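Open the model in your viewer and keep the selection tool at hand. The stops below go residue by residue, then out to the whole chain.

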Amino acid sequence: MRRLATGLFGRFKPSSNTGERRAFIQGRIALYCKLMFWSFAALVGFINVMYALYPHTRPAESGTVNILASVGVAMLLGAWLAASRRRD
């Protein structure tokens with residue numbers, strides 16, 4: 001059981017002080033935002049490439065969807081940058 005808990009939480013230990021816990025959680029949030037940003041950016045890029053290759057499948061309002069998707073990806077970028085910024 002102890003090995004399982006170590007594997008799940010990595011270097012995080014319940015006896016860590018508040019500063020270490022905060023740094024650990026901020027690092028995890030930054031990693032999550034980074035992964036979500038690149039995943040959605042790749043998805044939006046893939047969809048645009050597919051619509052360029054197969055224009056007959058493009059929906060009528062795809063321009064609006066692309067704008068909204070770009071805004072969402074930009075928001076994820078902002079969250080990633082905010083989460084990865086170090087505070088002193």
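Select Ile-47 first: its relative accessible area is 32%, so it is partly exposed. The scale runs as follows: buried is under 20% relative accessible area, exposed is over 50%, and partly exposed is in between (1.4 Å probe, protein chains only). Ile-47 sits in helix 2. Helices here are DSSP runs of H or I with at least four residues, strands are runs of E with at least two, and both are numbered from the N terminus.

Before moving on, a note on the source. This is a predicted model: local features need pLDDT of at least 70, side-chain atom pairs count only at pLDDT 80 or more, and totals for chains, interfaces and linings use all residues. Residues are numbered from 1 along each chain as its sequence is written, and side-chain values use heavy atoms, with hydrogens and water left out.

**Core.** Now select Cys-33, Phe-37, Val-44, Val-73 and Trp-80. These five residues form the largest nonpolar core. Helix 2 (18–53) and helix 3 (62–84) each supply at least two of its residues. Helix 2 gives the most, with three. Such a core is a set of buried Ala, Val, Leu, Ile, Met, Phe, Trp, Tyr and Cys residues joined through side-chain atoms within 4.5 Å.

**Trp-80.** What is Trp-80 in contact with, leaving aside neighbours within four places in sequence? Show Ala-30, Cys-33, Lys-34, Phe-37 and Trp-38. Contact means heavy atoms within 4.5 Å.

**Ser-62.** Go to helix 3 and pick Ser-62. Its relative accessibility is 7%, so Ser-62 counts as buried. Draw a C-alpha to C-alpha distance to Asn-48: 9.5 Å in space, 14 residues apart in sequence.

**Whole chain.** Zoom out. The protein has three helices and zero strands. Buried residues make up 12% of its 88 residues.

**Confidence.** Colour by pLDDT, the predictor's confidence in each residue, from 0 to 100. The protein's mean is 81, and 78% of residues reach 70 or more. Helix 2 is highest, at a mean of 88; helix 1 (residues 2–9) is lowest, at 54. Where pLDDT is low, the predicted coordinates should not be read in detail.
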